[in-house]
Every structure is written in C-alpha cells, then in structure tokens.
Amino acid sequence: EIEPMTVEAERLSRLIGDIYDVVLDPSLWRSALRDIAKFVGGSASALYSKNARSVTGASHYNWGLQQRYLQSYWEKYIKYDPTTVGQLVFNVEDVYSAVDFITFEELFESRFYKEWIRPQGLIDHVGATLDKTATSVAACVVFRGEQEGPVDDQARMRMRLLVPHIRRAVLIGNVIDLRKSEASSFATLFDSLADGVILVDAHARIGFANVPAQTIIAEGEILRDAGGRLSAVDTAADKALRNIFAATPGGDTEVGAEGVAIPLSSANDEQWTAHVLPLTSGDRRREGVEHGATAAVFVRKVQLESPSLMKMLATRYKLTPAELRVLQGVIDVGGVPAIADALGISPTTVRTHMKSLFEKTGVRRQADLVKLIASHSSPFVS
C-alpha cells in the first residue's frame, strides 16, 4: 500500500516538472495553471502583471476565468481591487489572501465584490508576488470559489511550495521569448532582472546567452567563453561556479530553491554577482525529452535600487494594505466621498482608515497628510 505522503510528494514533483516544461513551450501555461489551481485548492488561476501608478495591467495566462470578466477587470474593476496598491507592500515570493488586504466585512460591502467577485461564484484568492518594481507587480493567483471557501493554512502552504518554481519558469521563459525576438508582455515589468542571462549544463557548457551576457563574455573582464564552457576570470569564483553547476542536476535538493549567489570582481573594481538557479526539480525523468541546460546564471552589476515611496511609507508608519490603499486615494482623488467612490467602498470605511492614518502618522488633517507624503517623496523614485 502506497503511503498518502508518498503519493502527495510524487504529485508535487510531477507538478514542478510540468511548471518547468512551460519554459520551452509557453502554450503549456494554461494546463500548468489548471494543475496549480487543483493542487492549491481553487477553481481558477492566472498569471498577471499590473501597474499601481497607471492602474493598468494584463492577464498573460489564465485558467477557469471567463473572458468577459477578465476584460471588465482590466477595463474597469482593477481600480476597485484592494490588491492593486496593497501588493506593493509585499516582497517577492510572499503569499497572501484577501484578509491580508481587507477584512471580509469590508470586502463584502465593496463594489468590487458585489459586481465582479460574487457574480463569478468566487469568494477568496491565494496569490504570490513573482517580481516587482517600485510601482508594478507580477503575480500568480489561485481563486477560491464558494465551494472551496476562504483560504486556509493548507492552501497557503501549498502555494509556498510552488512559488519559487513558478517564478523561475516565468523569468526564464521571458528570457527565451526575448531570444526569439518576440514582444514579451513581462519585459517592462522585470526591471530587476539581471543584465546578462546564461543557460549552462552541469559541465558549464553554454547553451544560450542573451545579448547583454554575450557582451559581458566578449569583454572578458568578468566571465569568458573557455572552449564553449562558461568560466569566471577570478579563480575562486570560477571554482565556486563549476561546483554549483556540477550540483544542479540534483535540483533544489542540492542547490536550494533560492539558488546560490557568487560575487564576481572585475579589473576596474566594479562589483558584480552571478546568481545560479537550477532548472530541474532533481528527480524528474521524462521519456524522449532531453534537458540539456541544468542551470540559469543571472549576471548583474551590484547597485543600489530606489525604494518604492508607498512601501517606504507603509514600513515607516506600519500601515496595513487597506490603509495604504486609502492613502493612495488621498494622493490621487481627494475627499472622503470621492475616495469612497473611486475605491468602491463606503465613506464610513474610508473615514475609519483615515482616522487610523492620522493616528499612525501623527497628523490631524488631510491637508497635513498630503504634506507629509510630499515630504517623503524622492526624486529618484520612478
């Protein structure tokens, strides 16, 4: 008799393998999202990106959602969605559900719930940030219907198991799309993606290098092509890279889900880093399929990144996503009635959050709140 835990482990391993298959065949995203939704416990799922500043976005792949609701979301309801601004608070690979943005009481009275969520028979979602900039977010989300109920600890745990692999597949898949010179809808979103991306096998043989990586290798100051194999100019870094490449066929078990970062030095003392991520789950075997590349190497120059103003304010004053959403309304809209209308919530709810904002920031009037925000604005925030 097969133990339930063994069956579950095999199911997870198979799903991780299916997620990596989308790197070479993006048309498999729909079936992968179907299996992700079923594993996590949901009736629909999607990969999307959105910009909180321009209040725009797109669903890149989805399963289980009706086209008319997708269209109405991006045309109208994105501005009522509490996650549109609230997601900026969360870090990459954080997992969250509706209650991390808004109480169910507030959600149920909102226009977003009454006009977009409830008509689809949905009640909650469990999502995760795949990448972000100061104003934009890419995410994977699994929607829960009334039959599944609100997100529970098991759904969160299962989402956490998958997030590193989903994120890796999205990032690497984006690079392959660029290689084919196809316009990628994620291209403008991943500002933090490495300058150079190189796919290698366990023996450091180069299978692919994007244009920035080719330039880095051609210059030969940090990395070089040694007879078709990737090599670091610095001896210690080169040894470390080769050891990691040799371990990548073992997947996360040998290398770790987060990969390994190796510092690189250049002749002019610039600091670079090579972040190595395995491309296999370590135990996957597919008949008739040969996976040459076992690792992706992201090469980037180490530099400071401008923080998001919204995230900085949220951190400094310990604001909740709901409070941050109202704060954004203060900036973009103005008075309580207008904010309530723009966010699709009641004026009473806006006043409750406004009162909390006053208490946390130490100001007494909305005009002072606007001045406070202006005083924290950085000219370097994009």
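Residues 24 or more positions apart account for 62% of the contacts in the protein with a separation of 6 or more, a contact being heavy atoms within 4.5 Å. The structure is a predicted model, in which local features need pLDDT of at least 70 and side-chain atom pairs count only at pLDDT 80 or more, while totals for chains, interfaces and linings use all residues. Residues are numbered from 1 along each chain as its sequence is written, and side-chain values use heavy atoms, with hydrogens and water left out. The protein has 15 helices and 12 strands; these are DSSP runs numbered from the N terminus, helices being H or I of at least four residues and strands E of at least two. Of its 382 residues, 53% count as buried, where buried means under 20% relative accessible area, exposed over 50% and partly exposed in between (1.4 Å probe, protein chains only).

**Packing of H13 on H14**

- Helix H13 (residues 336–343) and helix H14 (residues 347–361) pack at an angle of about 110°, and their axes are 8 Å apart. Axes are lines fitted to C-alpha atoms, for helices over the stretch in contact, and angles run from 0 to 180 degrees between N-to-C directions.
- H13 is therefore roughly perpendicular to H14; angles of 65 to 115 degrees count as roughly perpendicular, under 35 as roughly parallel, over 145 as roughly antiparallel and the rest as oblique.
- On the H13 side the contact is made by Val336, Ile339 and Ala340, and on the H14 side by Pro347, Val350, Arg351 and Met354.
- By class, this contact of H13 with H14 has six nonpolar, no polar and one charged residues. Ala, Val, Leu, Ile, Met, Phe, Trp, Tyr, Cys and Pro count as nonpolar, Asp, Glu, Lys and Arg as charged, and the others, Gly among them, as polar.

**Packing of H12 on H14**

- Helix H12 (residues 321–332) packs with H14 at an angle of about 95°, with axes 9 Å apart.
- That makes H12 roughly perpendicular to H14.
- Ala322, Glu323, Val326, Leu327 and Val330 of H12 meet Val350, His353, Met354, Ser356, Leu357 and Lys360 of H14.
- The contact of H12 with H14 has seven nonpolar, two polar and two charged residues.

**Nonpolar cores**

- The largest nonpolar core has 52 residues, and those with the most contacts inside it are Leu327, Val350, Met354 and Leu369. A nonpolar core is a set of buried Ala, Val, Leu, Ile, Met, Phe, Trp, Tyr and Cys residues joined through side-chain atoms within 4.5 Å.
- Val350 touches Val326, Val336, Ile339, Ala340 and Ile345, not counting residues up to four places away in sequence.

**Helix H3**

- In helix H3 (residues 67–75) the buried residues are Tyr69, Leu70, Ser72, Tyr73 and Trp74.
- Their cover includes strand S1 (44–51), strand S2 (56–63), helix H4 (83–86) and helix H6 (111–117).

**Single residues**

- Ala204, in the loop between strand S6 (196–200) and strand S7 (206–209), has a positive phi of about 70° although it is not a glycine. At 1% relative accessibility, Ala204 counts as buried.
- Lys318, in the loop between helix H11 (309–317) and H12, has a positive phi of about 55° although it is not a glycine. Lys318 counts as exposed, at 64% relative accessibility.
- Glu359 lies in H14 and is exposed, with a relative accessible area of 59%.
- Glu359 and Tyr317 are 42 residues apart in sequence and 9.7 Å apart in space, C-alpha to C-alpha.
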